[in-house]
Amino acid sequence: MTAASHRPPVLNFIRRTLRSLDKRIHALYLKTEHACHPPVHYHPGQDLPWSPGYIEARTEFTANVLADAELLAKFYAAAPGFLPTGYGIGLDERCVEWPWAVAHFDDVQYILDAGSALNHQHLLSLPVLKKRTLHIYTFAPEPVCEWQRSISYIFGDLRKTPYQNAQFDLVVSISTLEHIGMDNVAYSGQHNHKEHIVDDIFLALAEWKRILKPGGKILFSVPYGIYQDHGSFQQFDANLLEKCAHYFSPKKRNEAFFLYTVHGWQATSQNECASEVYALNADKVPNSDFASAARAVACCEWWV
C-alpha cells in the first residue's frame with residue numbers, strides 16, 4: 001500500500017491541484033521573462049565571461065554534452081587528450097565537472113548532492129536521476145526548487161548534517177569542498193557564515209564518510225593548481241588533496257584532472273595542472289585565454 005493511499009481523497013486532490021498550479025505559474029513566469037527580457041546571445045571566447053547570456057550558453061553547451069552518450073563514456077575513462085580542441089572555450093569548469101560526475105553515477109538509490117551543484121533543470125531531468133532518492137543539501141533556498149520530482153531540499157551546514165550513519169550510496173559535491181569553513185556570506189546571506197577555518201574541509205569529509213554506506217563513494221571536484229586562499233574558497237594543490245585523502249582514508253580512489261588553456265578544456269595529468277592560478281574577476285577584467293574561473297580542476301572518486 002502506498003503512502004498516497006493513506007491520505008484522505010481531498011488531500012490527494014489538493015496535492016494534485018497544487019502541482020498543476022505550480023507548473024502553470026512556472027510556465028507563465030518563463031513566458032513573462034522571455035517577453036520582458038529577450039534572450040541575449042553570448043559568444044564564448046569572444047564576450048566577457050559571466051556577462052548577459054553566459055549562463056544560458058553554458059546550460060545549452062553542457063546539456064548537449066550530457067545528451068551525448070559517446071562523449072560521456074569518454075568522460076568516464078577521462079584519458080588525457082580525449083576532448084576535442086576548442087571544448088568549452090570561455091566557459092567555466094562546470095562544463096567538465098558535470099559530465100565527469102554524471103558519467104560516474106552508479107545504479108544506486110540514495111544520492112546526496114552536497115552543495116546543490118546539481119540543482120539545475122537540465123541536470124535534474126537526466127534519465128540517470130529518475131527513480132532515485134535525491135537529497136539536495138545547501139545553505140539557503142534557491143530559485144530552482146524541483147519538489148515535484150520528489151527531491152528533498154535540506155538547508156544547513158555540511159560539517160554537521162542531520163542524516164543517519166550509512167544513509168547514502170553516493171555523495172556528489174561539485175566545487176563545494178573548497179568553500180567549507182570560508183566566507184560564505186554571499187551564498188547564505190547570513191553574517192555568521194563569514195569564517196576562515198581552512199581545516200574545516202576535513203570535518204566535511206568525515207561527515208560525508210559517516211553518512212555513506214559501506215562500499216559507497218563520493219564524487220567531488222575542487223579547483224586545482226598552486227595553493228591559493230581567496231577568502232571565500234581555497235584552491236587545492238597536491239599537498240592539500242593528499243591531506244584530504246589521509247583524513248578520508250578511501251579504500252579505493254580514482255582521480256581525473258582537467259586543464260583550461262586558450263584552446264579550451266582538456267583532460268591531462270596532475271603534474272600539468274600543478275602551476276595553474278585561478279582567474280579572479282573574470283567578469284570585470286577579460287583574460288587573454290577567456291578563462292572564467294578555475295584553470296584546472298581535480299575530479300575525485302573515492303570509495304569507503
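Two strands are taken to pair if DSSP finds at least two bridges between them. In this predicted model, strand S5 (residues 212-223) and strand S10 (residues 296-303) meet that condition with seven bridges, in the antiparallel sense. Strand S5 is mostly covered, nine of its twelve residues being buried.

Serine 150 lies in the loop that runs between strand S2 (133-138) and strand S3 (152-155). The relative accessible area of serine 150 is 53%, and the residue therefore counts as exposed, the cut-off being over 50%. From serine 150 to lysine 131 the C-alpha to C-alpha distance is 9.4 Å, with a separation of 19 residues in sequence.

Side chains of opposite charge can pair when their charged atoms come close. The structure holds 17 salt bridges. One of them joins aspartate 183 to lysine 194, with 3.0 Å between the closest N and O atoms. This pair links distant parts of the chain, eleven residues apart: aspartate 183 is in the loop between S4 and helix H6 (185-188), whereas lysine 194 is in the loop between H6 and helix H7 (201-211). Lysine 194 is exposed, with a relative accessibility of 60%.

A further salt bridge is formed by the side chains of arginine 253 and glutamate 255, at an N to O distance of 2.8 Å. Arginine 253 has a relative accessible area of 32% and is partly exposed. Glutamate 255, at 25% relative accessibility, is likewise partly exposed.

Aspartate 283 and lysine 284 also meet through their side chains in a salt bridge, with an N to O distance of 3.3 Å. Aspartate 283 counts as partly exposed at 36% relative accessibility, while lysine 284 is exposed, its relative accessible area being 58%.

Salt bridges also occur as a network, in which Asp157, Arg159, Glu195 and Asp200 are linked.

Conventions. Residues are numbered from 1 along each chain as its sequence is written. This is a predicted model: local features need pLDDT of at least 70, side-chain atom pairs count only at pLDDT 80 or more; totals for chains, interfaces and linings use all residues. Side-chain values use heavy atoms; hydrogens and water are left out. Buried means under 20% relative accessible area, exposed over 50%, partly exposed in between (1.4 Å probe, protein chains only). Helices (H or I, at least four residues) and strands (E, at least two) are DSSP runs, numbered from the N terminus. A salt bridge is a side-chain nitrogen of Lys or Arg within 4 Å of a carboxyl oxygen of Asp or Glu.
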